[in-house]
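Here's a quick briefing to read alongside the coordinates.

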Amino acid sequence: MHRQIRVLIVDDSAVVRKVLADELARARGIEVVGTAPDPYVARDKIVQLKPDVVTLDIEMPRMDGITFLNKLMKHYPLPVIIISSLTQKGSKMALDALSAGALEVISKPTAAYSVGEMGLQLADKIRAVAHVKVGAGQAPGAPATPAVAAAPATLAHTPNQIIAIGASTGGTEAIRTVLQSMPPNAPGIVIVQHMPAKFTTSFAQRLDSLSQVRVREAADGDSVVNGQALLAPGNYHMLLRRSGARYCVEVKSGPMVHHQRPAVDVLFRSVSRAAGANAVGIILTGMGADGATGMWEMKQAGARNIAQDEASCVVFGMPKEAIKRGGVDKIVPLGAVTQAALEMVGQGGGR
């Protein structure tokens, strides 16, 4: 039998600590070994209890979660999942935490997001990150700014090319790396990152400030144009559509796919139908199998596809499944993804 995953819950609210502990007590393979009301108590309990995973609130008295996280990653690195409110401040702090080395973010329950749903998602994320060696390989919080990739000479003549990107656990930093390397005249980009509602607004704004391409959270009917990346909003699926000579996106609700909304498969399958051989697909770090079927359908339609390699992934689940399914043409380290995509665009089949 596998050993139970040991979890420490850090939150200043006694109610939240109890809710999380009760939900995780029902989860297969997970044991809550302790709780802490603030980072000072958490520090001592981490040393004493040696948890495999820590869940961390970021808005706390005495010491905020970001400060604590920075200290933790320096002295005692281990997998951390952020539990945040859906406020604008909470969203921005959650992104800071992901940049500092946290692996996942999940929102606290709201009227539209039940405790049960949150508990199931949290348990899935704990299982996904429990064995990640934080700080090994491609560090999630690596500050390096990649060089901008050279766009192929043919790029200006391929306005109908599309780059579609899907990611989950560890994906916020991976997507940042890919977009920071894109030239300002890159093909239109559509992105699904598994992330709760409202967090995607702050994420798009941050990517926009760091990239030469424009980045915005997608709205229904937005055109997909060169030099711009559209990010699927949290809790909505995003699909690529073709309208005459232009591409646009459809943003809508609908059933979860692979327990996700937005789902990478929903985007990739729509790209296979709307763009066919004019598309390049990229699947980055993430847990589960979301994107594998859609990427295979893209390949069948003539698209060329890239998977991030295992060594540079935080979690190799999604790329591994896409490779296994047969939808991937090229496997490269994270730092080489952008150049590989632009080379494929330059080779474009086109229609």
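About 14100 Å² of the protein chain is accessible surface, and carbon and sulfur atoms own 54% of that. Keep in mind that this is a predicted model. As for charges, the chain carries 37 positive and 29 negative side chains, with the centres of the two sets 2 Å apart.

**Overall build**

- The protein chain contains 11 helices and 15 strands. Its radius of gyration is 20 Å, close to the 20 Å that the globule rule gives for 351 residues, so the chain is as compact as a globular protein of that length.
- Buried residues make up 57% of the 351 in the chain.
- Take the contacts with a separation of 6 or more: 73% of them come from residues 24 or more positions apart.

**Nonpolar cores**

- In soluble globular proteins, nonpolar side chains tend to be buried together.
- Here the largest nonpolar core holds 86 residues, and the members that touch the most others are Ile165, Leu179 and Leu284.
- There's also a second, separate core of 29 residues, with Val192, Ala232, Met238 and Leu267 among them.
- Which residues does Leu284 contact, leaving aside its neighbours within four places in sequence? The list runs through Ile165, Gly166, Ala167, Ala174, Ile175 and Val178, then picks up Gln308, Met318, Pro319, Leu334 and Val337.

**Helix α11**

- Val337, one of the Leu284 contacts, is also one of the buried residues of α11.
- This helix covers residues 337–346 and is mostly covered itself, with seven of its 10 residues buried.
- Besides Val337, the buried set includes Thr338, Ala340, Ala341, Leu342, Met344 and Val345.
- What do these buried residues pack against? Their partners are helix α6 (171–180) plus the strands β6 (162–167), β13 (279–283), β14 (304–308) and β15 (330–332).

**Ile82 in strand β4**

- Ile82 sits in β4, which runs over residues 80–84.
- Is Ile82 buried or exposed? Its relative accessible area is 0%, so Ile82 counts as buried.
- Beyond its neighbours within four places in sequence, Ile82 is in contact with Leu56, Ile58, Ala94, Ala97, Ala102, Glu104, Val105 and Ile106.
- For a sense of distance, Asp222 is 140 residues from Ile82 in sequence and 31 Å from it in space, C-alpha to C-alpha.

**Backbone spots to check**

- Most residues other than glycine have a negative phi, and most peptide bonds are trans.
- Arg261 and Pro262 are joined by a cis peptide bond, with omega about 15°. Pro262 belongs to the loop between β12 (246–252) and α8 (264–274).
- With a relative accessibility of 37%, His258 is partly exposed.
- Asn235 has a positive phi too, near 75°. You'll find Asn235 in the loop between β10 (228–231) and β11 (237–243), and its relative accessible area of 33% makes it partly exposed.

Technical notes: Residues numbered from 1 in each chain as written. Predicted model: local features only at pLDDT ≥ 70, side-chain atom pairs only at ≥ 80, totals over all residues. Heavy atoms only, no water. Helix = DSSP H or I, 4+ residues; strand = E, 2+ residues; numbered from the N terminus. Rg over C-alpha atoms; globule rule 2.2 N^0.38 Å. Buried < 20%, exposed > 50% of the residue type's maximum accessible area, 1.4 Å probe, protein only. Contact = heavy atoms within 4.5 Å. Areas by Shrake-Rupley, 256 points an atom, 1.4 Å probe, with all protein chains shown as cover. Lys, Arg positive; Asp, Glu negative; His and termini not counted. Charge placed at Lys NZ, Arg CZ, Asp CG, Glu CD. Core = buried A, V, L, I, M, F, W, Y, C linked by side-chain atoms within 4.5 Å.
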